[in-house]
Amino acid sequence: MKLSAFGEKFSGSTGIVELMDDLGTALNENPDMIFMGGGNPGRIPEAEAIFKKRLEAVLQDPQQLHSLMGIYQSPQGDKLFLNQIASLLRKEFGWDVSDRNIAISNGSQPAFFILYNMLAGSMPDGTHRSIHLPLAPEYIGYTDIGLSEQFFTATRPEIELLDERMFKYHVDFSKLQITQQTAAMCVSRPTNPTGNVLTDNEVEHLDEIAQAADIPLIIDGAYGLPFPGILFNEAKPHWNQNTVLVLSLSKLGLPGVRTGIVVAREEIIQAFSNANTVVSLACGNFGPTIARELFRTGEILSLSRNLIKPFYQERATQAVKWFRESFGDVPYRIHKPEGAIFLWLWFDGLPISSQELYERLKRRGVLVVPGHNFFPGMDTGWRHQQECIRVSYAQDGDTVRKGIALIAEEVARAYKQ
Ligand SMILES: Cc1ncc(COP(=O)(O)O)c(C=O)c1O
């Protein structure tokens, strides 16, 4: 088979594909493997019951059932649903948005594929532009998304050491460089993998820089506000005409419905919807059908505040406690868990690479994600990249606890060797 450049790039073994294959194979080979590696949300029975009830109501109503299965939606998404989202954002945050500022996608991942490639890569004048990540480590799912090479640049963060073996990354504005070749900046807030939440000041500062450079600031709110709202400290949501906010229903507990939501100025939404028509023709109706009523009644917010956030906050607190109890004199640090569904662990001076630690943990029956995968756009010369792992705490408590004990044992062994 002769492949195009696109074919070679996207059908080949990229880092993320290899890692996902490896995680899948490991799980198949050992069904008892403790899975702390993926981004699957936890199971929250009360939330599942709400979605089930919604689905049952749809199944009872021939009209709703027909809209679920029997029609192509407009490429931008169902107008009623767009209006409900817009009205929620206006009411909740006072943002000046209408249905023309919102587009639906089949998951937020494909929305990033379109948005990033729409803005960066080869430009009509022959130049090349890239997406800048002002605070690496960043989401692994961006890494291979660009149609061209050199697709990302990234700024190394400042590290603030905190009490009780915690630390926090901050944007290092003294090193942040926006050039003529920068197409946009993007941050996930809360950040996957670290659980960091950029401070309001950092976001405002990034916004000023983006506006001055006339480039969009993209905020990946997969874990953020207003839903699923997995934030453990106070942080202001941010949007204006220069911001592209990308939301998702996945971390509410609906990753299978594949619904993403893009909020941006009209010009961007129009361009995005056109591109999405080429790629997807129309968006799936399942997510909007289940969520519509939750948006109309505002239940999406109470669900996020009362069920989703407390679930992860409690899990994060427990996981930190268990790590502290298990690590003994290991020189570990935990990124302050401020949101999302992961702990990011840093082992200063770890004598082995994060990949080797991942392999050893896999042999012990626990899957994590080695940290070096989370530095898209950054050269590999920073030792810190090899000293971290991402651990999900979304599984049930007993499983997480067992996994933590194994991680602590293996890390201690690595330091002693
Ligand atoms: C930060 C972040 N952004 C985007 C996504 C993509 O999510 P989805 O395509 O399910 O909306 C994920 C998934 O884990 C994520 O962690």
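Modeller: Two strands pair if DSSP finds at least two bridges between them; strands (E, at least two residues) and helices (H or I, at least four) are DSSP runs, numbered from the N terminus. This is a predicted model, in which local features need pLDDT of at least 70, side-chain atom pairs count only at pLDDT 80 or more, and totals for chains, interfaces and linings use all residues. Residues are numbered from 1 along each chain as its sequence is written.

Colleague: In which sense do β2 and β11 pair?
Modeller: Strand β2 covers residues 102-105, and its serine 105 is bridged to glycine 260 of β11. Four bridges join β2 and β11, and the sense is antiparallel.

Colleague: Which residue of β11 is the bridge partner of leucine 247?
Modeller: Strand β10 (residues 243-248) also pairs with β11, antiparallel and over four bridges. Within β11, leucine 247 has as its partner isoleucine 261.

Colleague: Which residues of β11 point the other way from Gly260 and Val262?
Modeller: In a regular strand, side chains alternate between the two faces of the sheet. Strand β11 runs over residues 260-263, and all four are buried (20 or more other C-beta atoms, placed from the backbone, within 10 Å of the residue's own). Opposite to Gly260 and Val262 point Ile261 and Val263.

Terms used:
A residue is buried if 20 or more other C-beta atoms lie within 10 Å of its own, exposed if 12 or fewer, and partly exposed in between; C-beta atoms are placed from the backbone.
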